[in-house]
Amino acid sequence: MSTVDINQLLHQMRHTAAMADRKPDAMLEGNDSGPAFGNILKDSIDSVNELQQGANELATKFEVGDPSVNLTEVMVELQKASVSFEAMKQVRNKLLNAYKDVMSMQV
């Protein structure tokens with residue numbers, strides 16, 4: 001695994017943590033200056049999709065016998081794609097649970 005991949009992964013993790021730590025002050029005040037929840041969710045899904053497509057392309061190149069692709073790089077990319085997909089599934093599950101909780105509230 002190269003240091004570029006590690007640094008990129010650390011940067012992505014820090015960015016995700018910073019996004020999670022942001023306070024929804026703008027939403028509480030009725031100010032629409034921040035990004036919409038739907039846009040953030042779509043960007044996250046697109047990011048996971050890009051990781052999966054990139055990992056699959058790399059795996060295909062390795063299977064074909066491309067000498068510029070090594071097995072370690074393929075395995076790391078596949079694991080990154082797998083972890084990001086699992087995280088997205090957990091977010092989906094939490095969103096569904098929250099939706100069910102809201103729908104079951106009595107007015």
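**Entry 1: a pair in H3**

I looked up lysine 42 and aspartate 46 and found that about one helical turn separates them, because they stand 4 residues apart in helix H3 (residues 37-64). Helices (H or I, at least four residues) and strands (E, at least two) are taken as DSSP runs, numbered from the N terminus. The model is predicted, so I note that local features need pLDDT of at least 70 and side-chain atom pairs count only at pLDDT 80 or more, while totals for chains, interfaces and linings use all residues. Residues are numbered from 1 along each chain as its sequence is written, and side-chain values use heavy atoms, with hydrogens and water left out.

Lysine 42 and aspartate 46 form a salt bridge, with their closest N and O atoms 2.9 Å apart. I use the term for a side-chain nitrogen of Lys or Arg within 4 Å of a carboxyl oxygen of Asp or Glu. I then checked accessibility, where buried means under 20% relative accessible area, exposed over 50%, and partly exposed in between (1.4 Å probe, protein chains only). Lysine 42 is partly exposed at 49%, and aspartate 46 is partly exposed at 29%.

**Entry 2: pairs in H4**

My search of the whole structure gave 3 salt bridges. Glutamate 77 pairs with lysine 80, the closest N and O atoms being 3.3 Å apart. These two residues lie 3 residues apart in helix H4 (residues 71-103), about one turn of the helix.

Glutamate 86 and lysine 89 make another salt bridge, at 3.4 Å from N to O. They too sit in H4, 3 residues apart, about one turn of the helix. Here I found both partners partly exposed, with glutamate 86 at 37% and lysine 89 at 29%.

**Entry 3: H4 itself**

The buried residues I listed in H4 are Val74, Val76, Glu77, Lys80, Ala81, Ser84 and Met88.

**Entry 4: H3 against H4**

Which way does H3 run relative to H4, roughly parallel or roughly antiparallel? The axes come within 9 Å and cross at roughly 155°. Axes here are lines fitted to C-alpha atoms, for helices over the stretch in contact, and angles run from 0 to 180 degrees between N-to-C directions. H3 and H4 are therefore roughly antiparallel; that term covers angles over 145 degrees, with under 35 counted as roughly parallel, 65 to 115 as roughly perpendicular and the rest as oblique.

I noted the crossing of H3 and H4 as left-handed, meaning that the near helix is turned anticlockwise from the far one by less than a right angle. Contact means heavy atoms within 4.5 Å. Residues of H3 that meet H4 include Phe37, Val48, Leu51 and Phe62. On the H4 side, Glu77, Lys80, Ser84 and Leu95 are among the residues that take part.

I followed up serine 84, in helix H4. Serine 84 is buried at 15% relative accessible area. Leaving aside neighbours within four places in sequence, serine 84 touches Val48 and Leu51.

**Entry 5: the chain**

I counted 4 helices and 0 strands in the protein chain. Of its 107 residues, 13% count as buried. Among contacts between residues at least 6 apart in sequence, 51% join residues at least 24 apart.
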